[in-house]
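Biologist: I would like to learn how to read this structure. Could you take me through it feature by feature?

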Amino acid sequence: MAGSSHGHTPAAWTGVIIAFIGFCVAGAFIVMAQPVGFWAGMVVVALGGVVGWIMRAMGLGMPKASTAPARPTAAATREPVAAES
């Protein structure tokens with residue numbers, strides 16, 4: 001994971017932070033036995049996904065992978081280089 005840029009975008013960070021806040025709100029209201037607050041927190045979680053998706057559509061996420069097949073490269077040869085005179 002460390003070698004890739006998986007999730008290191010403004011869209012990903014923003015969506016995850018909003019969803020995390022929603023989970024905290026929902027968890028707090030579960031402890032207080034308040035179902036309306038729980039569902040409000042779950043709406044915030046869904047809002048985090050929507051915000052992340054919109055930001056990705058705006059170009060703040062990972063670029064889409066190219067669907068074109070990779071071109072094969074020529075293999076390196078070990079031919080001697082001709083000396084110039």
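Modeller: Gladly! The chain has 2 helices and 0 strands, where helices (H or I, at least four residues) and strands (E, at least two) are DSSP runs numbered from the N terminus. This is a predicted model, in which local features need pLDDT of at least 70, side-chain atom pairs count only at pLDDT 80 or more, and totals for chains, interfaces and linings use all residues. Residues are numbered from 1 along each chain as its sequence is written, and side-chain values use heavy atoms, leaving out hydrogens and water.

Biologist: At what angle do H1 and H2 pack?

Modeller: Axes are lines fitted to C-alpha atoms, for helices over the stretch in contact, and angles run from 0 to 180 degrees between N-to-C directions. Here H1 (residues 10-31) and H2 (residues 35-60) pack at about 180°, with axes 7 Å apart. H1 and H2 are therefore roughly antiparallel (angles over 145 degrees). Their contact (heavy atoms within 4.5 Å) divides into 17 nonpolar, 7 polar and 1 charged residues; Ala, Val, Leu, Ile, Met, Phe, Trp, Tyr, Cys and Pro count as nonpolar, Asp, Glu, Lys and Arg as charged, and the others, Gly among them, as polar.

Biologist: Which residues of H2 are buried?

Modeller: Buried means under 20% relative accessible area, and exposed over 50% (1.4 Å probe, protein chains only). In H2 the buried residues are Gly37, Gly41, Val45, Gly48, Gly52 and Met55, and they pack against H1. Trp39, by contrast, is exposed, at 55%.

Technical notes: Parallel < 35°, antiparallel > 145°, perpendicular 65-115°, else oblique.
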